[in-house]
Structure formats: C-alpha cells, structure tokens
Amino acid sequence: ARRLRIKKRVENLKKLERGNIDDDVAKIIELSKSRKQIEMSRVRIKKLVQDGAEFLSNIRVAADARDVMRRAEEDELTRVRKEKLENEAKTAQERFDEITKKWESALQKE
C-alpha cells in the first residue's frame, strides 16, 4: 500500500511538472502542501514555545543573580556601618572616661 501511494505521488508530481493535472490530482497535491504547512507551523509553534520558556528562565536567573548581588552589597554596607558605629562608640566612651578622670582630678585639687 505504501509503495502504491509513493508511486502515485511521484506520478502526480510528474504530471504537475508537465502541466497535465486533473482536479483530483491538484487537490491531492494541494492537500499534501497543506499538510506540510501544518507540520511546519506546528514545529515553528513548538520552537517558539521552547524559546519563550528558555527566555523566561534566563530572565529569572538574571533577576535572581542581581538580587543575590544586591543582598550581598547590603550585608557588606550594614557590616561596615556597624563597625563604624562600634568604633565611634568605643572612641566616645574612651574620651568620656578621659574627661571624667580629668574632672575627678580637678575636683580633688580643689
């Protein structure tokens, strides 16, 4: 059966090339063209869906990477701020203690 279909298709294509086409033959050729177009469209749509999914995945990965970098920068800035505050508090306490000692020694001299 397959050989007969192939043989008939080849004959129809030869008739098409010669210009001897029956209406039935033209419909069969047109039908096979439409099937090819349907298949091509199906493949194209499938590819577009895959490409779209890949594109969205890439966007998500990039957004996650940016978020991770932003969080790391925030953590670093917070750590630096905390260190500065601790150093300032330590320095201020030392100065306070120094001033208190001077007041104590000044009060004792009186």
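Helices α1 (2-18) and α2 (23-109) each supply at least two residues of the positive patch, where helices are DSSP runs of H or I with at least four residues, numbered from the N terminus. What we are looking at is a predicted model, in which local features need pLDDT of at least 70 and side-chain atom pairs count only at pLDDT 80 or more, while totals for chains, interfaces and linings use all residues. Residues are numbered from 1 along each chain as its sequence is written, and side-chain values use heavy atoms, with hydrogens and water left out.

The patch itself lies on the surface and gathers R2, R5, R9, K33, R35 and K36. To be in a patch, a residue must have over 30% relative accessible area and no salt bridge, and like charges are joined within 9 Å, with each charge placed at NZ of Lys or CZ of Arg. Lys and Arg count as positive here, whereas His and the chain ends are not counted. The areas come from the Shrake-Rupley method with a 1.4 Å probe.

Take K33 as one member of that patch. K33 sits in helix α2, and K33 counts as exposed because its relative accessibility is 53%, the classes being buried under 20%, exposed over 50% and partly exposed in between.

Let me turn to the paired charges. Side chains of opposite charge can pair when their charged atoms come close. Searching the whole structure gives 8 salt bridges, each defined as a side-chain nitrogen of Lys or Arg within 4 Å of a carboxyl oxygen of Asp or Glu.

Which residues does D67 meet in salt bridges? One of them is R70, at 2.6 Å from N to O, and another is R71, at 3.2 Å from N to O. Both pairs lie within helix α2: D67 and R70 are 3 residues apart, about one turn of the helix, and D67 and R71 are 4 residues apart, again about one turn. These residues belong to a network of salt bridges that links D67, R70, R71 and E74. As for accessibility, D67 is classed as partly exposed because its value is 26%, and R70 is also partly exposed, with a relative accessible area of 39%.

Further along in the numbering, R79 and E76 form a salt bridge with an N to O distance of 2.4 Å.

Methods. Patches are made of residues with over 30% relative accessible area and no salt bridge: like charges are joined within 9 Å, nonpolar side chains (Val, Leu, Ile, Met, Phe, Trp, Tyr) within 5 Å. Buried means under 20% relative accessible area, exposed over 50%, partly exposed in between (1.4 Å probe, protein chains only).
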